[in-house]
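Work through these exercises with the model open beside you. Try each task before you read its solution.

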Amino acid sequence: MKTFRVLALMAALLLLGAEARAETTLRIGLAEDPDILDPTLARTYVGRIVFSAVCDKLFDIDEKLNIVPQLALSHETSADGKEVTIKLRPGVKFHDGEPLDAEAAKFSIERHLTLPGSFRKPELASLDHVEVVDPLTIKLVLKAPFSPLIAQLTDRAGMMVSPKAAREAGDKFGLHPVCAGPYKFVERVQQDRMVFEKFADYWNKDNVFIDRIVYLPIVDATVRLANLKSGSLDLIERVLATDIKDVRADNRLKLSTAIELGYQGITLNIGNDKAKGPLSQSAKVRQALDLSIDREAINQVVFNGEFMPGNQWVNPEHPYYQKAFPIRVTEFATSLKQAEAGEYQAYLLAWSGRIDPDGNSYVFLHGKAPQNYSVWANADADKALDDARLVTDMAQRKAIYEKLAKHELNDEAILYIYHRRILIAHTTKLEGYKQMPDGLVRVVGLKLK
């Protein structure tokens, strides 16, 4: 009998050991397949979701939109606003084992500025050059003060890539990204899956509890939800507003939400309309279209009242929202190439948003900005956009943006319609999930029971 008990105890211990060693895999359903997995060249929202597990940034945000350290420990701006000194976190490694030091950080930022086709270049346009101060300190020297700079570094412009891997891969880097995030690249099958595994030398490895992450693009929202309910997925993004009640009624699921930073709007072609239609020829016609859109009706009928009607590039709860220009409650696309070519009159555009209002306005409204698809040209609006970049005081910046709002809402280059509620559903087996306003899925700290 004693021998039997000893054997039973040994078997139990072996079983517990096997369970402890069992790998955990988090399966995430995406609404689309991301574009290239190169933070310098990428431009999709779902790509940003994937990057949040793979490529850490110099800074991040918290739930209240405060900027917090990530790969950087601190930053200091000179009195004239033209030099920003950044201290890097010691002991950080890239997925290939190379150290993240000042030289590597300098390389990554310069790559964002100089790589052909870079979508980060406009975000860092004020940067003149990067200096290495010491092995863990860099100095960003600006052409002029640029108040949104640190906010830009909380996104892809602040993602660091391995210089060695980037040099070796050249323009193929996005096929096998090597960054300094909690998970490293394993494989990608286009339109099918992206697989990443835990990086053993991650600087914050004590807070990484899941061994492997698999991202699965599933375009149909109903199919995504069905896969979550069946247990084939653990988390899905962009739940339909019409499915909210269904998710909340299922005790195996949990819904995490936040109002997005971005907006959903209609860009009206003003300066590059080849058809010369009435929308491009008259601000009054554009204003009439705006007045015909019942934003609240759209929210109630289409989105079950879960979204937030809006008329500006930030939502009505944002500190930079211009209350002098409230929403008028009245009556409610094509491809990027067509937009850039001017082969449209109205373009339905969704923008996932940035934490600083500059990121929601400048790139679309400034006369010389690369994504000014309306080709709107207004010298006073351009001046307001430029001036807002030069000051850091919130009251001063908000007053400047009020001038911009007056011009944009009169000319109606973009009709801002509503702000989505970020809807993330996941199994109750997933613990520690918090939804941030930028809509990204952060995986550090998550546990899967």
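## Exercise 1: The disulfide

Cys55 and Cys179 are joined by a disulfide, with an S to S distance of 2.1 Å. The model is a predicted one.

**Task.** Find which handedness this disulfide has, and which parts of the chain the pair of Cys55 and Cys179 ties together.

**Solution.** 

Step 1. Count the disulfides. A search of the whole structure finds one.

Step 2. Take the torsion about the S-S bond. For Cys55 and Cys179 it is about 55 degrees, so the disulfide is right-handed.

Step 3. Cys55 lies in the loop between H2 and strand E2 (59-61), and Cys179 lies in the loop between helix H5 (163-169) and E8, so the pair ties together parts that are 124 residues apart in sequence.

Step 4. Check accessibility, where buried means under 20% relative accessible area. Cys55 is at 1%, so it counts as buried. Cys179 is at 0% and is buried too.

## Exercise 2: The open sheet

**Task.** Work out the strand order of the seven-stranded open sheet. Then state which strands are the edge strands.

**Solution.** 

Step 1. Read the order. It is E8-E9-E10-E1-E11-E17-E12, with mixed pairing.

Step 2. Look for strands that pair on one side only. These are strand E8 (183-189) and strand E12 (253-259), the edge strands.

Step 3. E8 and E9 pair antiparallel over six bridges. Within E9, Lys198 stands opposite Tyr183. The hairpin of E8 and E9 has three residues between the strands, and Gln191 there takes a positive phi near 65 degrees.

Step 4. Move on to the next pair. Strand E9 (residues 193-198) and strand E10 (residues 212-217) run antiparallel and are joined by four bridges. Met194 has Tyr215 in E10 as its bridge partner.

## Exercise 3: Aromatic rings

**Task.** Classify two ring pairs, Tyr202 with Trp203 and Tyr263 with Phe364.

**Solution.** 

Step 1. Set the cut-offs. Ring centres must lie within 6.5 Å; planes under 30 degrees apart are stacked, over 60 edge-to-face, and the rest tilted. By this rule there are 11 aromatic pairs.

Step 2. Tyr202 is buried at 3% relative accessibility. Trp203 is partly exposed, at 26%.

Step 3. Tyr263 and Phe364 are buried.

Step 4. Follow the links. Ring pairs connect Tyr263, Trp313, Trp351, Phe364 and Tyr416 into a cluster.

Step 5. Look for charges over rings. The charged end of Arg389 sits over the ring of Tyr362, 3.5 Å from its centre. Lys447 lies over the face of Phe209, 4.7 Å from the ring centre.

## Exercise 4: One serine

**Task.** Decide: is Ser361 buried or exposed? Which residues is Ser361 in contact with, leaving aside its neighbours within four places in sequence?

**Solution.** 

Step 1. Locate the residue. Ser361 is in helix H12 (residues 358-365).

Step 2. Read its relative accessible area. It is 0%, so Ser361 is buried.

Step 3. List the contacts. With neighbours within four places in sequence left aside, Ser361 is in contact with Trp313, His366, Leu385, Tyr401 and Leu404.

Conventions. Residues are numbered from 1 along each chain as its sequence is written. This is a predicted model: local features need pLDDT of at least 70, side-chain atom pairs count only at pLDDT 80 or more; totals for chains, interfaces and linings use all residues. Side-chain values use heavy atoms; hydrogens and water are left out. Rings of Phe, Tyr and Trp (its six-membered ring) pair if their centres lie within 6.5 Å; planes under 30 degrees apart count as stacked, over 60 as edge-to-face and the rest as tilted. Buried means under 20% relative accessible area, exposed over 50%, partly exposed in between (1.4 Å probe, protein chains only). A charge sits over a ring if NZ of Lys or CZ of Arg is within 6 Å of the ring centre and within 35 degrees of the ring normal. Two strands pair if DSSP finds at least two bridges between them. Helices (H or I, at least four residues) and strands (E, at least two) are DSSP runs, numbered from the N terminus. A disulfide is a pair of cysteine sulfur atoms within 2.5 Å. Contact means heavy atoms within 4.5 Å.
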